Amino acid sequence: MKAFRNSVAALAVISCSTLTPLPVSAQSAPPVQQSLATAMDFEAARTAILAMAGNYKVRFDMREATPWAADYTLYEEKVSGGHEVVRVIEDRGDFIALQHLLVIEHDGSTMIIKHWRQDWQYQPTRILAYTDADTWAYRTVPESERAGAWSQTVWQVDDSPRYAGWGKWQSVAGIPTWTSNPSWRPLARRDAVRSPAYDSYYAVNRHQLTPTGWIHWQDNMKMRGVGPDAEPVVQEYVLNTYTKFDEYDVAAADTYWEATKGYWAAIRGQWDSIAETKGGIRIMEVAETGSATSVRLLEIADALQAGEVTEAEAIAQAEALMDQATAALE
């Protein structure tokens with residue numbers, strides 16, 4: 001947090017007509033403010049990304065703030081929270097994947113919900129970007145912007161795509177900080193189920209480490225349409241705060257992941273294969289679940305953990321469903 005100090009000089013009221021103005025030395029002008037941001041090198045950025053793994057108490061704070069359409073009425077803020085485990089599931093040096101798992105405890109029982117995943121790629125040549133309704137396509141990262149940059153690709157609960165962007169890790173007043181370029185993304189379930197006046201977000205992400213964890217800040221311009229002709233409706237600010245905490249059933253999340261990680265690795269590989277062979281990913285967005293495949297893919301994972309199907313059977317069922325649910329990009 002920045003601390004600001006304000007100082008006020010004493011003012012003497014003197015008749016200017018009785019004084020002769022003095023020449024001002026160029027050296028008396030205040031120095032140009034130096035930037036508080038410095039570039040983080042490859043290893044420092046890797047350390048910052050890996051530091052987001054851990055066990056957390058999470059607070060999700062979402063607030064519409066500025067209407068861009070004169071007749072728009074702001075939705076009430078939505079604040080919620082929970083417990084979330086974040087694990088490093090892949091680390092190839094220049095590529096890191098972090099899997100989020102929600103841990104819900106109720107009446108003495110624990111439920112694990114596979115949550116979002118974030119993939120980090122160093123100096124990416126392309127990203128899988130949201131380009132239109134139900135559609136994600138590869139977009140080239142300009143060569144001039146690759147050096148030292150990391151892309152972040154966010155995937156939904158069933159590992160189908162959500163959004164991607166790129167930016168550079170910097171130390172801002174000593175705080176490790178990553179800020180994305182503006183990128184498009186589909187509606188989150190919190191909005192999609194309300195039949196809103198908008199149907200996409202044009203957003204900037206910021207990730208910052210804190211003394212007790214990290215924050216994920218989103219500046220979301222909610223839009224009608226996707227692309228240059230889209231119209232702004234309202235601005236939303238989202239602050240998700242991850243605070244280190246492990247006084248909950250963390251073991252249940254690790255048990256779930258151990259039982260299903262081979263299945264989910266195959267799912268990730270299948271989405272990659274679909275994107276390559278079909279020129280991207282086209283899949284129906286569903287307001288209540290995020291994508292047309294999410295409910296069933298999660299159910300198959302639960303059946304695998306319960307021993308009701310083998311891993312091979314689970315993967316075969318999932319791959320058939322994913323192929324049927326996706327279409328080639330024209």
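Which strand gives the most to the lining of the largest pocket? In this predicted model, the answer is strand 3, residues 78-91, with 5 residues. The pocket itself has a volume of about 790 Å³. Its lining comprises 31 residues, and those closest to the centre are F60, H115, A188, R189 and R190. By class, that lining has 16 nonpolar, 10 polar and 5 charged residues.

I turn now to the second largest pocket, with a volume of about 490 Å³. Of its 25 lining residues, F95, D119, T153, W155 and D272 are the closest to the centre. Here helix 3 supplies the largest share, 7 residues. Strands 4, 5, 6 and 8 each supply at least two residues, as does helix 3. The lining divides into 12 nonpolar, 5 polar and 8 charged residues.

Next, the aromatic side chains. The structure holds 14 aromatic pairs. One of them joins Y72 and Y198, tilted at 55 degrees between the planes and 6.4 Å centre to centre. These two residues are 126 apart in the chain, and each lies in a loop: Y72 between strands 2 and 3, Y198 between helix 2 and strand 13. Both are buried.

A second pair is formed by Y122 and W150, with ring centres 5.1 Å apart; their planes stand at 50 degrees, so this pair is also tilted. Because Y122 lies in strand 5 and W150 in strand 8, the pair ties together parts 28 residues apart in sequence. W150 has 1% relative accessibility and therefore counts as buried.

Finally, two arginines deserve mention. R194 lies over the face of Y75, 3.8 Å from the ring centre. The charged end of R206 sits over the ring of W217, at 4.5 Å from its centre.

Notes:
Residues are numbered from 1 along each chain as its sequence is written. This is a predicted model: local features need pLDDT of at least 70, side-chain atom pairs count only at pLDDT 80 or more; totals for chains, interfaces and linings use all residues. Side-chain values use heavy atoms; hydrogens and water are left out. On a 1 Å grid over the protein atoms alone, a cavity is a set of points where a 1.4 Å probe fits but cannot get out, and a pocket is an open set with protein on both sides within 12 Å along at least five of seven lines; lining residues have an atom within 4 Å of a point. Grid points are joined across faces, edges and corners, and a volume is the space filled by probe spheres set on the points. Helices (H or I, at least four residues) and strands (E, at least two) are DSSP runs, numbered from the N terminus. Ala, Val, Leu, Ile, Met, Phe, Trp, Tyr, Cys and Pro count as nonpolar, Asp, Glu, Lys and Arg as charged, and the others, Gly among them, as polar. Rings of Phe, Tyr and Trp (its six-membered ring) pair if their centres lie within 6.5 Å; planes under 30 degrees apart count as stacked, over 60 as edge-to-face and the rest as tilted. Buried means under 20% relative accessible area, exposed over 50%, partly exposed in between (1.4 Å probe, protein chains only). A charge sits over a ring if NZ of Lys or CZ of Arg is within 6 Å of the ring centre and within 35 degrees of the ring normal.
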